[in-house]
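Subject: Structure handover

Hello,

Here is the structure I said I would pass on. Please open it first and keep it beside the notes below.

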Amino acid sequence: IATLPTVMVMEETAKPKETFLRNRGVYHDLGEKVSRSVPEKLPPFPDKAPQNRLGLAQWLVSGDHPLTARVAMNRYWQKYFGTGIVKTAEDFGVQGEAPSHSELLDWLATEFVDSGWDVAAMQRLIVTSRTYRQQARINSDHRERDPDNRLLARGPRIRLSGQVIRDQALFISGLLKEELGGPSVSPYQPTNLWAEMSMGMKYRQSKGDDLYRRSLYTIWKRTVAPPTMAVFDSADREACWVNRKETNTPLQALALLNETGFVEAARHFAARAITEGGDDPLTHAFRVATARVPTKEERSILEAALNEYRKEFTGKPEEATKLLSIGESPPTTLDGKAPEELAAWTSLANVLLNLDETITRK
């Protein structure tokens, strides 16, 4: 029992402390005594709900509360469309922006409550809607009348988050381990990063399957965010971010092309393309990464790049073997394929993982 982890737990006191208004803000000049309650503009506590944090929780999810379901659905919508129905997701008050589609938000909130607060069902509802499944192409009329897509005349086109980009690369390569639950894991990151930022604290990199688990399980130190995710604008967790910023920088491409995890994913992706692609591994690889077939022009560019990579590795088996050994997984090998050929395909797979179309939802 002594080895089990312990956590601090708060509990209500038998007799809550009395609370008073402070006259003119003076801490010891007590004015009117006040009791626990909720704003008069909002519905009252449910019948028999205790006047404590448990009662507050019951009030929030009672179904009569006008904000809980709307705030939640607005954030879900924001996750898929980049902008919430209420653009100021951090402020639903009078100083925030009015909803672009108030009846839609009301309906989504009602559906959420009626579903029994089924989060998965609401995600499915959004992504299977005709609104979400529209093409993201923008024409001149849309650009002039609705550049921010507040009228929802086209599908969303937003860059994926750092966590999803990493998970996608692992999934495409076949490395992703989809085990649910368990403790945090420590994937690749630069040597001594924690030591430099945390007064000598050592980072213990995970081994085996733990290196390839979803980014949801990545250990997070408040003062040192996982570097690859930080490059892709993840919050630093020193403050609450309701809406992530989105940037486009050369450093992001540098990370996708050179970070250990992505290079390792690229070599496994290359092996998958050759193994599963049959007579046309290039088209197969492109389709896996982008969900479509390459155009003639795109195919010509990719074939030229592949031939260039083949020339680069010709006569350099040591360099090819070095590339095919990056990461903790066993070096990539395929019967009948020379290391130079696999290295060339790895370089091409690395490019495909770095395409704007691969890391953008549209």
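A cavity, as the word is used here, is a set of grid points inside the protein where a 1.4 Å probe fits but cannot get out. Please keep in mind that the model is predicted.

Cavities

How many cavities of 30 Å³ or more does the structure hold? There are two.

The largest cavity has a volume of about 270 Å³. Its lining is made of 24 residues, and R166, P187, Y188, T228 and E259 are the ones nearest the centre. Of the elements, α10 contributes the most, with four residues. By type, the lining of the largest cavity has 17 nonpolar residues, four polar ones and three charged ones.

The second largest cavity has a volume of about 30 Å³. Its lining consists of I165, Q168, A169, L256, F262, L353, T358 and I359. Here α6 gives the most, with three residues. Six of the lining residues are nonpolar, two are polar and none is charged.

Leaving out residues up to four places away in sequence, Q163 touches S215, W220, M229, S234 and R244.

Helix α12

Helix α12 covers residues 296-313, which makes 18 residues. From its first C-alpha to its last it reaches 26 Å, close to the 26 Å expected at 1.5 Å a residue.

Which residues of α12 are buried? They are L302, L306 and F313. These three lie on the same side of α12, because they cover an arc of only 40 degrees around the axis. After α12 comes G315, which has a positive phi, near 75 degrees.

Helices α2 and α4

For α2, the length can be checked in the same plain way. Its 14 residues should span 20 Å at 1.5 Å a residue, and its end C-alpha atoms are 20 Å apart, so the two agree. The buried residues of α2 are A69, M73, N74, Y76, W77, Q78, Y80 and F81. Their cover includes α3, α4, β3 (158-159) and β4 (360-361). G82 follows α2, and its phi is positive, near 85 degrees.

In α4 (residues 119-127), the residues M122, Q123 and I126 are buried. Why do they lie on the same side of α4? They cover an arc of only 105 degrees around the axis, which puts them there. The cover of these buried residues includes α2 (68-81) and α3 (102-114).

A121 also lies in α4. Is A121 buried or partly exposed? A121 is partly exposed, because its relative accessible area is 21%, and buried would mean under 20%. The C-alpha atoms of A121 and L175 are separated by 28 Å, and the two residues are 54 apart along the chain.

N192 has a phi near 65 degrees, a positive value in a residue other than glycine. N192 sits in the loop between α6 and α7 (193-197). A291 is also a residue other than glycine with a positive phi, near 70 degrees. The place of A291 is the loop between α11 and α12. A291 counts as exposed because its relative accessibility is 68%, and exposed means over 50%.

Regards

Notes. Residues are numbered from 1 along each chain as its sequence is written. This is a predicted model: local features need pLDDT of at least 70, side-chain atom pairs count only at pLDDT 80 or more; totals for chains, interfaces and linings use all residues. Side-chain values use heavy atoms; hydrogens and water are left out. On a 1 Å grid over the protein atoms alone, a cavity is a set of points where a 1.4 Å probe fits but cannot get out, and a pocket is an open set with protein on both sides within 12 Å along at least five of seven lines; lining residues have an atom within 4 Å of a point. Grid points are joined across faces, edges and corners, and a volume is the space filled by probe spheres set on the points. Helices (H or I, at least four residues) and strands (E, at least two) are DSSP runs, numbered from the N terminus. Ala, Val, Leu, Ile, Met, Phe, Trp, Tyr, Cys and Pro count as nonpolar, Asp, Glu, Lys and Arg as charged, and the others, Gly among them, as polar. The expected span of a helix is 1.5 Å times one less than its number of residues. Buried means under 20% relative accessible area, exposed over 50%, partly exposed in between (1.4 Å probe, protein chains only). The arc is that of the directions from the helix axis to the C-beta atoms. Contact means heavy atoms within 4.5 Å.
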